[in-house]
Amino acid sequence: MIFSKAHFSLSAVKPLEKDKEVLFIGRSNVGKSSLINAICDHKGLAYVSKTPGHTRLLNYFEINPDFYLVDAPGYGYRKIAHFQDHFDSMMDSYFQKIKEGQKRLVLLLFDARRDLSKEDWDMLEYLKNQRVKTLVIYTKEDKLNQSMRQKALQRMRTLFPDQEILFVSSLKKKGVDILRESILKEMDIEAS
Ligand SMILES: Nc1nc2c(ncn2[C@@H]2O[C@H](COP(=O)(O)OP(=O)(O)OP(=O)(O)O)[C@@H](O)[C@H]2O)c(=O)[nH]1
Ligand SMILES: [Mg+2]
């Protein structure tokens, strides 16, 4: 499996501008780092924490020399002074620097149990204005009971009628195979 070769490359404030990158975005604690670990089948690859706001930089995980998974800091965590400004300028610089021929995919993560927050809506709007394909991912699927699942599905169909959406559980490894396939397809990489 191509993802099992993953290793931590480095933390950066500025985008590294690799050929192929998958950027994981979502509010703090939504499960970005856990999902990277599940995709790469490697616990402890990305730092997972119960305390939100741990990650401040872009963390690059190399799958092969031209292909990276990028763990972004979580948004919506207000306890760190000036963090939002830092985050906004980091994102602007990330999207502005994308060059012709470079492949990018954004995975926008939402907690399947919650309504979208103001910051989630702002991020959706922001990403609409970037010319990068975005996949919406609902996380922590294992925490849903039958009625929550119905509610989440309904909400999802109303909010994103035309959008490809995936439910995942990093804990139970649910939806992870399908997500790997989508990533490889978008990055134009043969599964091996
Ligand atoms: N039950 C369950 N818990 C999860 C799942 N994914 C993540 N978690 C838990 O959610 C918490 C946050 O997970 P992280 O992966 O660190 O979240 P993050 O989005 O990287 O958080 P920040 O780096 O602070 O932005 C941890 O306690 C994880 O164990 C999941 O699929 N199911
Ligand atoms: Mg994290």
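Leaving aside neighbours within four places in sequence, I189 is in contact with I2, K20, F67 and L184, where contact means heavy atoms within 4.5 Å. This residue belongs to a predicted model, in which local features need pLDDT of at least 70, side-chain atom pairs count only at pLDDT 80 or more, and totals for chains, interfaces and linings use all residues. Residues are numbered from 1 along each chain as its sequence is written, chains are lettered from A and ligands numbered from 1 in the order in which they are written, and side-chain values use heavy atoms, with hydrogens and water left out. I189 is placed in the segment after α5; helices (H or I, at least four residues) and strands (E, at least two) are DSSP runs, numbered from the N terminus. With a relative accessible area of 17%, I189 is buried; buried means under 20% relative accessible area, exposed over 50%, and partly exposed in between (1.4 Å probe, protein chains only). Although I189 and F67 are 122 residues apart along the chain, their C-alpha atoms are separated by 9.3 Å.

V70 lies in strand β4 and is buried, its relative accessible area being 0%. Not counting residues up to four places away in sequence, V70 touches E21, V22, L23, F24, I36, L58, N59 and Y60. One of these is N59, eleven residues from V70 along the chain, and the C-alpha atoms of the two are separated by 5.5 Å. G74 is found in the loop between β4 and α2 and counts as buried at 8% relative accessibility. Its contacts, leaving aside neighbours within four places in sequence, are G26, R27, S28, K32, T55 and F83. G74 and P52 are 22 residues apart in sequence, with a C-alpha to C-alpha distance of 7.8 Å.

Helix packing can now be described. Two packed helices are described by the angle between their axes and the distance between the axes. Helix α2 (residues 83-96) packs against helix α3 (residues 118-128) at an angle of about 25 degrees, with the axes 12 Å apart. Axes are lines fitted to C-alpha atoms, for helices over the stretch in contact, and angles run from 0 to 180 degrees between N-to-C directions. The angle makes α2 roughly parallel to α3; angles under 35 degrees count as roughly parallel, over 145 as roughly antiparallel, 65 to 115 as roughly perpendicular and the rest as oblique. At this contact, F87, M91, D92 and F95 in α2 meet M123, Y126 and L127 in α3. These residues divide into six nonpolar, no polar and one charged; Ala, Val, Leu, Ile, Met, Phe, Trp, Tyr, Cys and Pro count as nonpolar, Asp, Glu, Lys and Arg as charged, and the others, Gly among them, as polar.

A second pair is formed by α1 and helix α5 (residues 176-187), which pack at an angle of about 85 degrees, with their axes 10 Å apart. That makes α1 roughly perpendicular to α5.

Backbone angles close the description. Most residues other than glycine have a negative phi, and most peptide bonds are trans. E17 has a phi near 60 degrees, a positive value in a residue other than glycine. E17 is found in the loop between β1 (7-12) and β2, and counts as partly exposed at 26% relative accessibility. For D41, phi is near 50 degrees, a positive value in a residue other than glycine. D41 sits in the loop between α1 (32-40) and β3 and is exposed, with a relative accessible area of 52%.
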